[in-house]
Amino acid sequence: ASRCVVTPAQDNAVAGRATTIGVSCADAHGNVLLAGGGGDFNLRAVASGPGPMSTRLVQGAGGAVQVECLATKAGLYSVAITCARSGAPLPGTPVQVEVDSEGVPDAAACTATLLSPAG
């Protein structure tokens with residue numbers, strides 16, 4: 001895990017849309033390890049925060065692995081990325097992911113309240 005580099009998402013995530021965290025790893029000789037390569041490169045990503053956040057590992061360009069994260073509730077989440085075999089955390093993790101609201105009201109979730117009668 002000491003030869004892994006974690007690249008957090010550049011911008012805040014938006015509720016209901018996936019955001020990615022980049023991970024690139026190399027073995028002790030500097031060889032880039034691919035997702036599942038030789039059975040030695042196995043990662044685990046677990047998120048915690050104000051609501052559920054799904055995480056999945058996907059193969060990125062140039063051997064980098066991406067942790068794709070998706071939450072539907074706005075707030076600050078923490079994504080821990082560890083080596084599946086040893087449980088050792090990758091340097092630079094956990095990664096903080098800020099999820100913003102979509103910014104579009106959902107009519108089914110809105111209520112109107114009369115604050116004062118018209119005079």
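# A strand-by-strand tour

Start at Glu-68, which is partly exposed, with a relative accessible area of 24%. Here buried means under 20% relative accessible area, exposed means over 50%, and partly exposed lies in between (1.4 Å probe, protein chains only).

This is a predicted model, in which local features need pLDDT of at least 70 and side-chain atom pairs count only at pLDDT 80 or more, while totals for chains, interfaces and linings use all residues. Residues are numbered from 1 along each chain as its sequence is written, and side-chain values use heavy atoms, with hydrogens and water left out.

**Stop 1: the salt bridge**

The term needs a side-chain nitrogen of Lys or Arg within 4 Å of a carboxyl oxygen of Asp or Glu. By this rule the count is one salt bridge.

**Stop 2: the whole chain**

Zoom out and switch to cartoon. How many helices and strands does the chain have? Zero helices and nine strands. Both are DSSP runs, numbered from the N terminus: helices are H or I with at least four residues, strands are E with at least two. From the N terminus on, the order reads β-β-β-β-β-β-β-β-β.

The accessible surface comes to about 7300 Å², and 53% of it belongs to carbon and sulfur atoms. Areas come from the Shrake-Rupley method with a 1.4 Å probe; for residues, only the protein chains shown count as cover. Of the 119 residues, 29% count as buried. Among contacts between residues at least 6 apart in sequence, 57% join residues at least 24 apart. Contact means heavy atoms within 4.5 Å.

**Stop 3: the open sheet**

Select E2, E9, E8 and E5. They make an open sheet of four strands in that order, with mixed pairing. Two strands pair if DSSP finds at least two bridges between them. Strand E2 (13–14) and E5 stand at the edges with a single partner strand each, so one side of each has no neighbour in the sheet.

Walk across from E2:

- E2 and E9 run parallel and are joined by two bridges. Val-14 stands opposite Asp-100 in E9.
- E9 and E8 pair in the antiparallel sense over five bridges. Gly-75 has Val-99 in E9 as its bridge partner.
- E8 and E5 pair in the antiparallel sense over six bridges. Arg-44 has Thr-82 in E8 as its bridge partner.

Which residues form its covered face? Val-95, Val-97 and Val-99 do, while Gln-96, Glu-98 and Asp-100 form the uncovered one. In a regular strand the side chains alternate between the two faces of the sheet.

**Stop 4: the cis peptide**

Step to the loop between strand E8 (75–83) and strand E9 (95–100), where Pro-94 is found. A cis peptide bond joins Thr-93 and Pro-94, with omega about 5 degrees.

**Stop 5: the nonpolar core**

Select Ile-21, Val-23 and Ile-81. These have the most contacts inside the largest nonpolar core, which has 22 residues. Strand E1 (4–7), strand E3 (19–26), strand E5 (43–48), strand E7 (65–71), E8 and E9 each supply at least two of its residues. Such a core is a set of buried Ala, Val, Leu, Ile, Met, Phe, Trp, Tyr and Cys residues joined through side-chain atoms within 4.5 Å. In soluble globular proteins, nonpolar side chains tend to be buried together.

Centre on Val-23. Leaving aside neighbours within four places in sequence, Val-23 contacts Val-5, Val-6, Leu-43, Ala-64, Val-65, Val-67, Ile-81 and Leu-90.

**Stop 6**

Select Thr-82 in strand E8. Thr-82 is buried, at 17% relative accessible area. Not counting residues up to four places away, Thr-82 touches Asn-42, Leu-43, Arg-44, Gly-87, Ala-88, Pro-89 and Leu-90.

Move to Thr-19 in strand E3. Thr-19 is buried too, at 11%. Under that exclusion of residues up to four places away, Thr-19 touches Ala-9, Ala-13, Val-67, Glu-68, Cys-69 and Val-97. Glu-68 brings back the opening stop.

**Stop 7: the cysteines**

Select Cys-69 and Cys-83. Is Cys-69 buried or exposed? Buried, at 1% relative accessibility. Cys-83 is buried with 15%. The structure holds zero disulfides, the term standing for a pair of cysteine sulfur atoms within 2.5 Å.
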